[in-house]
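User: Hello! I am new to this one and would like to understand the words used for it. Could you walk me through them?

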Amino acid sequence: MRKIVSICLTAFLLYGCGSVAITGRRQILLFDSGQIASLSDAAYTEVMSTAVPSRNVQQTRMVQDVGNRLVQAVTNYMKQNGRERQLAPFSWGFTLVESNEVNAFCLPNGKVVVYEGILRFASTPDKLAVVIGHELAHVVAQHGNERMTHEVIVNMGAAVGDAVLSNSERNRAIFGAVYGVGSNFLGLLPYSRAHEYEADRLGLIFMAMAGYDIDQAPVFWEQMSQNSGPKPPEFLSTHPSDANRQANLKALIPEAARYAPPK
């Protein structure tokens with residue numbers, strides 16, 4: 001147990017705490033950004049080995065234009081605030097792929113993949129900026145690194161409990177069951193929702209920085225909620241409920257508006 005605790009303390013001392021741009025939230029990141037980028041590059045190559053790039057030239061251009069415009073706005077802000085080094089590990093790229101799936105995702109290296117299906121709801125640059133801005137926010141806030149860090153800490157906690165209770169199989173079994181459920185519902189799932197809310201906030205601000213219509217964000221999510229199937233309760237989900245997400249975005253609009261370029 002002393003060895004496990006020593007490893008934890010050493011990792012925290014080596015990597016320390018950072019903070020997310022704009023929100024200022026403190027975070028612990030145990031993984032090297034180069035390692036994260038390498039893993040992401042491999043994941044992107046694997047995804048694109050089976051995905052088919054969209055043949056819709058107009059939609060592909062819109063995805064790339066919106067993505068590059070958002071990146072430029074974020075880059076300008078980070079440079080102005082002495083944080084440009086935080087963007088160094090990212091290799092931005094925006095790909096539209098053929099699929100009816102209503103989805104988009106990002107990798108921690110800055111690669112964003114958009115599925116054609118989501119363009120049914122993000123048919124304009126402003127609404128598409130809601131989607132891509134949210135994905136960029138996950139990258140800039142290093143949520144991937146943070147999630148991996150948190151899972152390592154959870155696993156270390158399980159290892160400590162296992163070591164402490166090593167003399168009792170019954171107690172170890174009880175601890176394993178309780179810790180597994182507790183760490184999931186009270187730790188990893190809320191942690192994921194916190195990331196989603198933070199990505200919504202940052203994505204809205206990135207939209208404003210790039211000159212997009214931030215009032216379209218709650219409109220986009222309202223349209224999404226009207227066309228989605230049944231979902232689990234929020235406490236059982238890694239994502240906020242649609243109603244909470246819309247209300248949160250509406251409340252954030254005045255803050256985001258302060259980042260818009262002067263007219």
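User: What makes both faces of strand 3 count as covered?

Analyst: Gly93, Thr95 and Val97 lie on one side and Phe94 and Leu96 on the other, and all are buried. Buried means under 20% relative accessible area, exposed means over 50%, and partly exposed is in between (1.4 Å probe, protein chains only). In a regular strand the side chains alternate between the two faces of the sheet. Because five of the five residues of strand 3 (residues 93-97) are buried, the strand is largely enclosed by the rest of the structure. This is a predicted model, in which local features need pLDDT of at least 70 and side-chain atom pairs count only at pLDDT 80 or more, while totals for chains, interfaces and linings use all residues. Residues are numbered from 1 along each chain as its sequence is written, and side-chain values use heavy atoms, with hydrogens and water left out.

User: How do you know that strand 3 and strand 5 pair?

Analyst: Two strands pair if DSSP finds at least two bridges between them. Strand 3 and strand 5 (residues 111-115) have five bridges, in the parallel sense; in one of them, Gly93 has Lys111 as its partner. Strands themselves are DSSP runs (E, at least two residues), as are helices (H or I, at least four), and both are numbered from the N terminus.

User: Why are strand 3 and strand 4 said to stand at the edges?

Analyst: The sheet is open, with three strands in the order 3-5-4 and mixed pairing. Strand 3 and strand 4 (104-106) each have a single partner strand, so one side of each is left without a neighbour in the sheet. From one strand to the next, the twist averages 15°. Strand 4 and strand 5 run antiparallel and are joined by three bridges, and Cys106 stands opposite Val112 in strand 5.

User: Which helices pack on the sheet, and what do they touch?

Analyst: Helix 3 (residues 57-80) touches strand 3 and strand 5, whereas helix 4 (residues 125-140) touches strand 3, strand 4 and strand 5. Contact here means heavy atoms within 4.5 Å.

User: Why are helix 3 and helix 4 called oblique to each other?

Analyst: They pack at an angle of about 50°, with their axes 9 Å apart. Axes are lines fitted to C-alpha atoms, for helices over the stretch in contact, and angles run from 0 to 180 degrees between N-to-C directions. Angles under 35 degrees count as roughly parallel, over 145 as roughly antiparallel, 65 to 115 as roughly perpendicular and the rest as oblique. Helix 3 and helix 4 are therefore oblique.

User: What kinds of residues make the contact of helix 3 with helix 4?

Analyst: The contact includes Met62, Leu70 and Val74 of helix 3 and Leu128, Ile132 and Leu136 of helix 4. Its residues divide into 13 nonpolar, two polar and no charged. Here Ala, Val, Leu, Ile, Met, Phe, Trp, Tyr, Cys and Pro count as nonpolar, Asp, Glu, Lys and Arg as charged, and the others, Gly among them, as polar.

User: How do you know whether Asp200 is buried or exposed?

Analyst: Asp200 has a relative accessible area of 4%, so it is buried. This residue is in helix 6 (residues 169-209). Leaving aside neighbours within four places in sequence, Asp200 is in contact with His134, Arg245 and Leu249.

User: And why is Gln142 called partly exposed?

Analyst: Gln142 has a relative accessible area of 22%, so it is partly exposed. Gln142 sits in the loop between helix 4 and helix 5 (143-164), and has a positive phi of about 55° although it is not a glycine.
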